[in-house]
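Subject: A structure for you to look through

Dear colleague,

Please find below the structure that I promised to hand over to you.

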Amino acid sequence: MTANKNPSTGIPTPTSASARDIATSGQATAAAEQAVPSWDDIGRAVVIGGGSGMGRAIAAALVAAGSRVTIVGRSEERLARAVRELRSAAVGAAASADADAASGHTVVHSAAAVPAGPTTGGGEVDWMVADIGDEVRAARLFEQIGPVDHVISTAADVGGAYGPIGEFDFAAGRGFLDTKLIGSMLVAKYARVRAGGSLTFTSGIAAYRPAAGGAMVAAVNGALESLAYALAVELGPTRVNVVSPGWVRTSIWDRLGWPDKEQRLAAMAGRLPAGRLGTPEDIAAAVLSLLRNPFVTGTVLHVDGGHRLV
Ligand SMILES: NC(=O)c1ccc[n+]([C@@H]2O[C@H](COP(=O)([O-])OP(=O)(O)OC[C@H]3O[C@@H](n4cnc5c(N)ncnc54)[C@H](OP(=O)(O)O)[C@@H]3O)[C@@H](O)[C@H]2O)c1
């Protein structure tokens, strides 16, 4: 890899396929491959963590918006199931739109008959398996995917991430750090983002309302936001933002092994100014607003039902 020098700092900047490269030297590439997306045209997107929870809801919203989406995770089974469901939901939406538009003429597809490739909902979705915390795999992932407009990461591995600091098992808990913080840095290093594109990461309320035993989670979420500020400066005009969710109903809570999970979730819902927990769709709507607004960068968007206030 060769290196240029930043004229103002003298610091070498990479000239391999990094986000900065594509954004600064990629005008020809962007023009040749695709025009800069407009507010409405989201273009090509990658959702790391798109097999479940918020990531899957983001992928669904992107497909509905006509984007070509690749979802990424470690479990091929989970990704394949999500893609089947997303394709069939998109086809279902298109079928009812057809029915509305052509009153009486309904195009019906069964999920099994949905081929790989474009859905009739306008968007497309496929999957790739990768551990985003592993540099070799992250590099290969983005090499295979090629240029994209937006990368969103919701990936987090909470196994072992909670525990009192005096007994914290770093071998078990560092998957959270590797996936969420280092993984986001690897996205920034290897994603080939076209001009006009963005990176969006997912932090969380634990950075602001930490719980005892949550030091690793609080530290990583806080660091991720600082990382986004730094990357927004370094990678601009590629935009870098963070969505910070409050408590959102996803399967992540099942992995904490709380015997009184439902009581705890209900108690939190009752405390929040919003009067309820978040949904993955709440987060997806926030992410799409960040993707669509070309003047938002270096921003943390709190989607937490007012959790920081109570
Ligand atoms: N749910 C909440 O209440 C809440 C609150 C605050 C913040 N957050 C944050 O919001 C984000 C999304 O959470 P969620 O509730 O949607 O969780 P989720 O349903 O568990 O989704 C996380 C996804 O990340 C993938 N993943 C984990 N490690 C990975 C790795 N190393 N490489 C690639 N993919 C990986 C998982 O798939 P595989 O296991 O197949 O890889 C999974 O699909 C997380 O960053 C979480 O910390 C959540």
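Predicted model: local features only at pLDDT ≥ 70, side-chain atom pairs only at ≥ 80, totals over all residues.

Residues are numbered from 1 along each chain as its sequence is written.

The chain as a whole

The secondary structure of the protein chain comes to 9 helices and 9 strands, where helices (H or I, at least four residues) and strands (E, at least two) are DSSP runs numbered from the N terminus. Of its 310 residues, 42% count as buried; a residue is called buried if 20 or more other C-beta atoms, placed from the backbone, lie within 10 Å of its own, exposed if there are 12 or fewer, and partly exposed in between. Among the contacts in the protein chain with a separation of 6 or more, 72% are between residues 24 or more positions apart, a contact being a pair of residues whose C-beta atoms, placed from the backbone, lie within 7 Å.

Strand β3 (residues 44–48) runs parallel to β6 (148–153) and is joined to it by 4 bridges, and two strands are said to pair if DSSP finds at least two bridges between them. Within this pairing, isoleucine 48 stands opposite serine 153 in β6. β6 also pairs with β7, again in the parallel sense, over 5 bridges; here valine 148 has valine 193 as its bridge partner, and valine 151 stands opposite leucine 199. In β6, 6 of the 6 residues are buried, so this strand is largely enclosed by the rest of the structure, and β7 is likewise largely enclosed, because 10 of its 10 residues are buried.

Helix α3 has 12 residues and reaches 17 Å from its first C-alpha to its last, which is close to the 16 Å expected at 1.5 Å a residue, the expected span being 1.5 Å times one less than the number of residues. Because 11 of the 12 residues of α3 are buried, the helix is largely enclosed by the rest of the structure; the buried residues include Gly53, Met54 and Arg56. Just after α3, glycine 66 takes a positive phi of about 90°. The buried residues of α9 pack against α3, β6, β7, β8 and β9. Which residues does leucine 288 contact, leaving aside its neighbours within four places in sequence? They are Ala61 and Ala65. Leucine 288 lies in α9 and counts as buried because it has 21 C-beta neighbours inside 10 Å. Leucine 288 and leucine 62 are 226 residues apart in sequence, yet 7.6 Å apart in space, C-alpha to C-alpha.

In helix α7 (residues 215–235) we find valine 233, which is exposed, because it has 11 other C-beta atoms within 10 Å. The C-alpha atoms of valine 233 and threonine 297, which are 64 residues apart along the chain, are separated by 8.9 Å. Proline 237 lies in the loop between α7 and β8, and a cis peptide bond, with omega of about 15°, joins glycine 236 to proline 237. For comparison, most peptide bonds are trans.

Around the ligand

There are 31 residues around the ligand, and Gly49, Gly53, Arg74, Ser75 and Gly204 come nearest; a residue is near a molecule if its C-beta atom, placed from the backbone, lies within 6 Å of it. α3, β4 (68–73) and α6 each supply at least two residues of this shell. The shell divides into 11 nonpolar, 15 polar and 5 charged residues, with Ala, Val, Leu, Ile, Met, Phe, Trp, Tyr, Cys and Pro counted as nonpolar, Asp, Glu, Lys and Arg as charged, and the others, Gly among them, as polar.

With best wishes

Key
Contact = placed C-beta atoms within 7 Å.
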